[in-house]
Amino acid sequence: MAFFTRQFIRGFSSTAVRNVVIKQVTIIGGGQMGAGIAQVAASTGHSVTLVDTSEDILKKSVKGIEGSLKRVVKKKFADKPEAGEEFLQKVLQNVAISTDVGSVVQSADLVLEAIVENLQIKQDLFGRLDKLAPAHTIFASNTSSLPITDIASSTSRLDRFGGLHFFNPVPMMKLVEVVATSSTSQETFDSLMSFSKVLGKTPVSCKDTPGFIVNRLLVPYMIEAIRLHERGHGSKEDIDIAMKLGAGYPMGPFELADYVGLDTMKFIIDGWCEKDPHNPLFESNALLNKLVAEGKFGRKTGEGFYKYK
């Protein structure tokens with residue numbers, strides 16, 4: 001009977017989201033990622049509400065979106081300044097801001113979080129919103145490293161939960177990793193894929209495995225570059241030049257690590273190591289740990305493997 005009940009509820013829930021076209025989007029987190037996603041969604045005609053904990057953060061987010069849009073207008077509407085201004089205002093009109101997440105999710109087709117990479121905080125957020133959002137609302141996380149299944153476990157809408165992993169800077173980067181768990185319904189997955197395409201992105205299907213596709217390959221690559229340097233088999237500079245000129249990469253692994261953030265890298269690799277401690281690819285790295293302990297996170301702090309001051 002319990003099995004039958006679960007299947008009935010899941011079937012009922014899946015029906016609720018069948019053929020849903022995502023129009024109303026709530027994005028939680030007004031940082032660089034959240035603001036970037038908001039900009040792209042608003043630019044493609046979606047009604048977006050950007051949510052954060054304070055008006056000051058949100059005003060800064062909107063200012064950043066406006067600045068980014070002005071660069072787009074300057075490039076795309078160079079010969080048509082009036083059309084460019086019209087586009088700018090139209091997109092900005094599609095963006096609302098709020099500090100009251102409980103009220104805005106009640107009209108959302110999609111709730112997407114882009115907040116701190118902390119499992120408990122994400123679970124608490126979605127657990128609360130699960131009681132407030134309509135039955136058809138799809139929940140998604142922009143996490144780059146945490147299991148979607150674990151985040152979704154705090155809700156009762158496992159079939160209406162997936163991952164939408166965008167890349168920074170969002171307006172420029174074309175890829176979106178669409179992550180399905182073992183419980184994500186086909187209807188939810190299709191809606192997330194369609195939404196990504198409407199945004200002008202190229203979505204790829206991912207399973208709910210550590211790092212999905214890109215980070216699962218990229219983070220061990222950067223860690224191995226550090227190990228190569230630690231063994232005295234190449235300087236940071238030579239390794240970066242070799243990968244740029246030999247493999248055609250736009251950045252070398254040390255430049256990329258500083259761009260991503262060494263604290264972010266450490267968080268990801270530590271999380272994977274905790275889940276799979278016997279995997280040699282996930283071993284902690286002494287040099288990375290040292291730099292993070294010293295507060296040298298890369299570009300955002302002015303120093304990582306290289307100095308930027």
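# A walk through a predicted protein chain

Leu-262 has its place in helix α12, which covers residues 262-275; helices (H or I, at least four residues) and strands (E, at least two) are DSSP runs, numbered from the N terminus. The model is predicted: local features need pLDDT of at least 70, side-chain atom pairs count only at pLDDT 80 or more, and totals for chains, interfaces and linings use all residues. Residues are numbered from 1 along each chain as its sequence is written, and side-chain values use heavy atoms, with hydrogens and water left out.

Leu-262 is buried, its relative accessible area being 0%. Here buried means under 20% relative accessible area, exposed over 50%, and partly exposed in between (1.4 Å probe, protein chains only). Contact means heavy atoms within 4.5 Å. Not counting residues up to four places away in sequence, Leu-262 touches Ala-257, Leu-288, Leu-291, Val-292, Lys-296, Phe-297, Gly-298, Gly-304 and Phe-305.

The view may now widen to the whole fold. The protein chain has 13 helices and 8 strands. Its radius of gyration is 21 Å, close to the 19 Å that the globule rule gives for 309 residues, so the chain is as compact as a globular protein of that length. The radius is taken over C-alpha atoms, and the globule rule is 2.2 Å times the number of residues to the power 0.38. Along the principal axes, the C-alpha trace spans about 65 × 60 × 35 Å. Of the 309 residues, 45% are buried. Among contacts with a separation of 6 or more, 66% come from residues 24 or more positions apart.

The protein chain exposes about 15700 Å², of which carbon and sulfur atoms supply 57%; accessible areas come from the Shrake-Rupley method with a 1.4 Å probe, and for residues only the protein chains shown count as cover. The chain carries 36 positive and 34 negative charges, whose mean positions are 3 Å apart. In this count Lys and Arg are positive and Asp and Glu negative, while His and the chain ends are not counted. Each charge is placed at NZ of Lys, CZ of Arg, CG of Asp or CD of Glu.

A nonpolar core is a set of buried Ala, Val, Leu, Ile, Met, Phe, Trp, Tyr and Cys residues joined through side-chain atoms within 4.5 Å. The largest such core has 36 residues, and those with the most contacts inside it are Ile-27, Ile-65, Leu-110, Leu-164, Phe-166, Val-178 and Phe-195. Helix α2 (residues 32-43) gives the most to this core, with 7 residues. Apart from this core lies another, of 21 residues, including Phe-254, Leu-256, Ala-257 and Leu-291. Leu-110, leaving aside its neighbours within four places in sequence, is in contact with Ile-22, Gln-24, Val-25, Thr-26, Thr-137, Ile-138, Ala-140, Leu-164, Leu-192 and Phe-195.

Helix α8 (residues 186-198) holds Phe-189, which counts as buried at 15% relative accessibility. Leaving aside neighbours within four places in sequence, Phe-189 is in contact with Val-178, Ala-180, Thr-184 and Ser-205. Ser-194 also lies in helix α8, but Ser-194 is partly exposed, with a relative accessible area of 41%. The C-alpha atoms of Ser-194 and Val-21 are separated by 8.4 Å, although these residues are 173 residues apart along the chain. In helix α3 (residues 55-76) lies Ser-68, buried with a relative accessible area of 13%. Ser-68 touches Gln-39 and Pro-171, again not counting residues up to four places away in sequence.

Arg-157 has its place in the loop between α7 (148-152) and β6 (161-166), yet Arg-157 is buried, with a relative accessible area of 3%. Its contacts, leaving aside neighbours within four places in sequence, are Asp-130, Ala-133, Pro-134, Ala-135, Thr-137 and Phe-139.

Most residues other than glycine have a negative phi, and most peptide bonds are trans. A cis peptide bond joins Asn-168 and Pro-169, with omega about 0°; Pro-169 is in the loop between β6 and β7 (175-180). Phe-212, although not a glycine, has a positive phi of about 60°. Phe-212 has its place in the loop between β8 (202-207) and α9 (214-230), and is buried, with a relative accessible area of 5%.
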